[in-house]
4 protein chains.
Amino acid sequence: MAKITIQDFHQLATERLPFAELMGLQLQSIDSEGVWMRACYSDKFLRPGGTIAGPVMMGLADAAIYALVLSRIGPVELAVTTSLNINFLRKPQPGDIVARATPLKFGKRLVIGEVALYSADKNKATSEFTNSEIVAHATATYSIPPNSN
Amino acid sequence: MAKITIQDFHQLATERLPFAELMGLQLQSIDSEGVWMRACYSDKFLRPGGTIAGPVMMGLADAAIYALVLSRIGPVELAVTTSLNINFLRKPQPGDIVARATPLKFGKRLVIGEVALYSADKNKATSEFTNSEIVAHATATYSIPPNSN
Amino acid sequence: MAKITIQDFHQLATERLPFAELMGLQLQSIDSEGVWMRACYSDKFLRPGGTIAGPVMMGLADAAIYALVLSRIGPVELAVTTSLNINFLRKPQPGDIVARATPLKFGKRLVIGEVALYSADKNKATSEFTNSEIVAHATATYSIPPNSN
Amino acid sequence: MAKITIQDFHQLATERLPFAELMGLQLQSIDSEGVWMRACYSDKFLRPGGTIAGPVMMGLADAAIYALVLSRIGPVELAVTTSLNINFLRKPQPGDIVARATPLKFGKRLVIGEVALYSADKNKATSEFTNSEIVAHATATYSIPPNSN
């Protein structure tokens, strides 16, 4: 069972992570294999060329892995990203971006997660995205403080 | 000589890159070796643990390389990031973050840039940061559309 | 249909890529979704601590994506890696390492591939590894010279 | 003062890291800021296109950071790479490759190092390479087992 609920995460984000609200981030589901998170589109996402700015996708990827980590270890504040690598694969049209984060390894000190980002249709459920083409792919490492597991 | 001025970049950012304003980004100087960019602190930068959120640093690093690329090829809209790798080294205190972006390679199709991020004091000039400890280090690749050089 | 055969690849490796033989690399299969490649164990793989040296896994990951690229565009010599990112997840026991390489994006100029590496049992067919725990995960970008597609 | 000597490192490599000998690796100097390591050219380095194979450069970069780590913490066997990111910038001519490894951060649990690789002339001393164009640039993270510092 997840160690935080979707509601817990949103409360933490509202109170402590203003960046998440700025980017319209919504944790959509937590399951035994990973989490789905969505960045709800606004004009602020755009960059020259009429596509979505890279930092929106990086912020979504990072937050999705953060939610994944907290869902397994509970609300440990100082679980922090130590590195992130992202490949931008296709230029997304203006619209929501949906992220699927899953662990590559869940160690006691380090968690390595993988995130696939999809360009999303407002009316599509998140679980329908696994067959779409991905727009970006990231891996990131989170460091977990001692005695947090 | 730089192919865009600081003012050109800020106008482009104001009109076309709302994300830059949200993050308080200011291009501070362009010289023959690289650019300095600053993210001016606001409470929105914070994350749990009282430090600066990773996406702020990723957004700053990405924008600094974008400015570097445009300073050499002019205002080419579709110069886009194809990949970015960042290592978070130290947890910055609340405050400005300053970035120094320099090219590792400036090719016709691909530019690979390196960015060092420093935790900044409001009263320090950017050029004084090269001896401080860096808080994050990034490399990123930009793809330049054909016939833009 | 693949644009090179397993035999073509081994001939190219034998004649032109001595490194592949040093590392005991064997391309095992090419299918519509990717390739399987194996690094056949020898004592040369070891590093202090009794585990497999990182460069063996990096070399295998890189070669697997190279084979994937050639399987789609034919024997283009100057398809070269422009960047590679690898996460080492678990310390493999002495033994073969098996790689599954698949494309994240197959563009005209850039190919981004993903590779999962598994610690292998000599008697296991490669297709049985998808349910094992992975020991390392890599993404890499290959640049394809103009007019090669 | 360095916690291992050049000779200690070569003995460890000879006995425990056969890979290093295969690649002609030579630790050339250890100073207060970093280490210099060289990969002595042989035909085994070549890849199609007449340039140096990526895995040679990745192996050199990884070994240079390993030597850097050991020079500061002594011969800790299970200091292992957790991730490595490399950008290939220029195609080196057949010849030696020289690496300069320096720390971005030296923590108790994690070391993040940076490596610049230069195409080398046999008759050039390593310290002369800082003004040459680099052929590849890597960052890597090493994990240090508890109680090793």
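Biologist: What makes the copies, chain D and chain B, meet through the same surface?
Modeller: In chain D, 100% of the interface residues are also interface residues in chain B, so the copies meet through the same surface; residues are in contact if their C-beta atoms, placed from the backbone, lie within 7 Å. This is a predicted model, in which local features need pLDDT of at least 70 and side-chain atom pairs count only at pLDDT 80 or more, while totals for chains, interfaces and linings use all residues. Residues are numbered from 1 along each chain as its sequence is written, and chains are lettered from A and ligands numbered from 1 in the order in which they are written.

Biologist: What joins strand 5 of chain C to strand 5 of chain D?
Modeller: Strands (DSSP runs of E, at least two residues, numbered from the N terminus) pair if DSSP finds at least two bridges between them. Five bridges join these antiparallel strands, residues 80-88 in each chain, which therefore pair under that criterion. Asn87(C) stands opposite Ser83(D).

Biologist: Why are strand 1 of chain C and strand 1 of chain D called edge strands?
Modeller: The open, antiparallel sheet has 12 strands; strand 1 (25-30) of chain C and strand 1 (25-30) of chain D each pair on one side only.

Note on methods. Two residues are in contact if their C-beta atoms, placed from the backbone, lie within 7 Å. Helices (H or I, at least four residues) and strands (E, at least two) are DSSP runs, numbered from the N terminus.
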